[in-house]
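Let's take a walk through this protein together, one region at a time. Keep the 3D view open and turn it as you read.

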Amino acid sequence: MCSLALFPAPLPSGQTTLCESNNELLSTTATDHRLNQESSPLGLYFPRESLKLHSRTESSSKAAFLDHSETLWMRSAAAWRDGGFTGLLDEITNSNTEVPKCLSVSSGFTLALLRWFSSFHGSLFPHLTLSSDDMHAEFSQVLNWSDCVVRAFAWHPHADKFAVALLDDSIKIYNPKSATTPTLKHRLQRSVAAVQWKPLCASALAVACQNCLLVWHVDPCSLSTRPSSGCAQVLSHPGHSPVTSIAWSPSGSLLVSASPMDTAMMVWDVASESGVPLQRVGGGGVTFLSWSPDGSHVLASTPSALFRVWETRMWTCERWPCVKGRCQSGCWSPDGSRLLFVVQGETVIYALTFSDATAGVPTCTSKGPQAAAVVADLSETTFNTLDGDIIVGGEIQSLSWDPTGERLAVLLKGDPQAADRPAIIAVFKTRTNPIFELLPCGFVQGEPGAEPRLMQFHPNFQHGALLTVCWSNGRITHVPFYFLSAGVPHFGFSGSPSLPRPQERPADFANQSLFTELLS
């Protein structure tokens with residue numbers, strides 16, 4: 001199998017990726033690119049200094065105003081609400097002067113037993129010993145989530161607007177056709193890990209928070225810049241926190257959520273505010289979810305070396321063990337027949353192919369794949385550039401496949417301790433019919449010193465694919481890939497823009513294939 005050596009070399013310092021045209025990635029100077037992005041209504045910049053961070057945690061704020069004259073029953077109710085059963089036992093144990101001695105001793109013994117069991121369970125699943133913020137950082141699709149200015153991003157599936165979650169836990173909604181920029185804030189909106197718009201709906205936005213799910217209903221015709229907290233539904237379930245991943249069904253009728261602390265994947269009916277846990281033994285929790293575009297399957301990763309693929313007709317699942325680590329990220333082909341995924345600690349991309357049962361035959365299951373195939377090897381490769389040697393490749397943070405199924409973006413982690421191993425986005429050209437193929441396209445790079453943290457394709461770009469990238473310096477840029485989609489009939493070339501300057505693609509990369517099913 002071929003490697004990243006088939007790709008064109010990364011851009012020299014001072015150059016930034018502009019777009020793809022005529023099968024070639026074009027670049028411009030960082031200064032010109034910044035001016036172009038700043039003049040665009042969709043190009044945004046969030047300086048870290050402009051974001052007001054929380055000065056204290058909710059628990060420390062509560063302690064500052066705690067009324068110590070509260071009765072035991074009031075304190076016990078508050079402990080149950082905040083800490084669950086262990087919180088209640090801790091309160092009773094510490095209130096030995098207000099409760100019978102036998103109750104205090106038995107509560108202390110039970111608490112010690114629960115803590116011992118918790119430590120034993122933590123040795124089996126080390127992620128359970130992490131703090132909430134560390135857990136978000138460990139399992140987020142965002143590279144370096146803890147220090148990232150933009151913590152979540154979501155395009156609306158049917159409109160040219162998007163939601164941005166920032167370091168200060170505020171969420172801003174941008175629409176280039178509107179002068180109003182609503183800002184969403186809620187007392188429960190802490191440690192935002194993911195946002196996603198509800199399909200077939202103009203106003204509903206789901207937010208994964210530290211202790212719950214919020215579903216905001218923001219009227220697109222409203223002129224209010226600060227919707228009240230009454231516009232948000234609160235969905236929560238005991239033990240289901242922190243929430244690290246969410247996914248809507250393509251019809252918008254169901255919402256699924258995941259928490260590394262909960263072995264159950266929650267399936268929510270938002271209209272009735274009711275949730276059903278889908279529990280399976282093993283894995284130690286659920287970290288990442290992805291619903292296939294056709295609605296037939298849901299990928300559910302766990303903190304352990306296994307993941308599950310649920311079919312949504314009878315909600316049964318297939319269990320897939322990994323050799324080295326957990327499933328870090330995954331994405332579906334537009335028709336839902338193929339799943340690409342990556343594993344922590346590995347440098348390859350795997351593929352699973354799903355085929356439905358014979359048409360016309362009533363059945364409750366679909367035929368699953370027999371084995372995962374390796375479709376790309378992204379091992380470290382050294383490129384000789386004008387600025388010296390640059391090493392690209394290694395572990396993969398996330399995957400994003402554009403809705404046409406013709407461009408695949410791969411966010412490579414790099415090494416933050418080494419200047420010659422930057423985080424970078426590698427883009428492949430893909431073909432799903434009649435066979436699955438991968439071709440090298442090139443690398444997407446930003447301003448000097450800025451590294452990609454998060455990426456997402458626009459769901460309805462009319463001239464090919466549009467990749468939105470959130471950078472480490474707080475800037476959000478959009479990289480268009482201009483091409484005529486093979487899946488859409490064309491009667492001319494009006495949909496393809498002219499090349500800014502006449503250049504030919506290097507012959508070495510003209511017909512190179514990283515993977516094709518005919519050769520595998």
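A residue is called buried when its relative accessible area is under 20%, exposed when it is over 50%, and partly exposed in between, using a 1.4 Å probe and protein chains only. At 17% relative accessibility, S203 therefore counts as buried. S203 sits in the loop between β8 (194-197) and β9 (204-208); helices (H or I, at least four residues) and strands (E, at least two) are DSSP runs, numbered from the N terminus. Contact means heavy atoms within 4.5 Å. Not counting residues up to four places away in sequence, S203 touches W197, W216, H217, V218, D219 and P220.

Before going further, a word on the model. This is a predicted model, in which local features need pLDDT of at least 70 and side-chain atom pairs count only at pLDDT 80 or more, while totals for chains, interfaces and linings use all residues. Residues are numbered from 1 along each chain as its sequence is written, and side-chain values use heavy atoms, with hydrogens and water left out. The predictor's confidence in each residue is its pLDDT, from 0 to 100. The mean pLDDT of the protein is 84, and 82% of its residues reach 70 or more.

Apart from neighbours within four places in sequence, R319 is in contact with V281, G282, L306, F307 and R308. R319 and R280 are 39 residues apart along the chain, yet their C-alpha atoms are separated by 9.9 Å.

Next, look inside. A nonpolar core is a set of buried Ala, Val, Leu, Ile, Met, Phe, Trp, Tyr and Cys residues joined through side-chain atoms within 4.5 Å. The largest one here has 25 residues, and L340, I349, L408, V410 and L412 have the most contacts inside it. Among the elements giving two or more residues to this core are β21 (338-343), β22 (348-353), β28 (424-431) and β29 (437-444). A second, separate core of 20 residues includes V149, F162, V164 and C470.

β28 and β29 form a hairpin with five residues between them. These strands run antiparallel and are joined by seven bridges; R431 has E437 in β29 as its bridge partner. Seven of the eight residues of β29 are buried, leaving the strand mostly covered.

Finally, turn to helix α5 (residues 132-139), where M135, H136 and F139 are buried. These residues lie on the same side of α5 because they cover an arc of only 100 degrees around the axis, the arc being that of the directions from the helix axis to the C-beta atoms. An α-helix has 3.6 residues a turn, so residues three or four places apart point the same way.

Technical notes:
Pairing = 2+ DSSP bridges.
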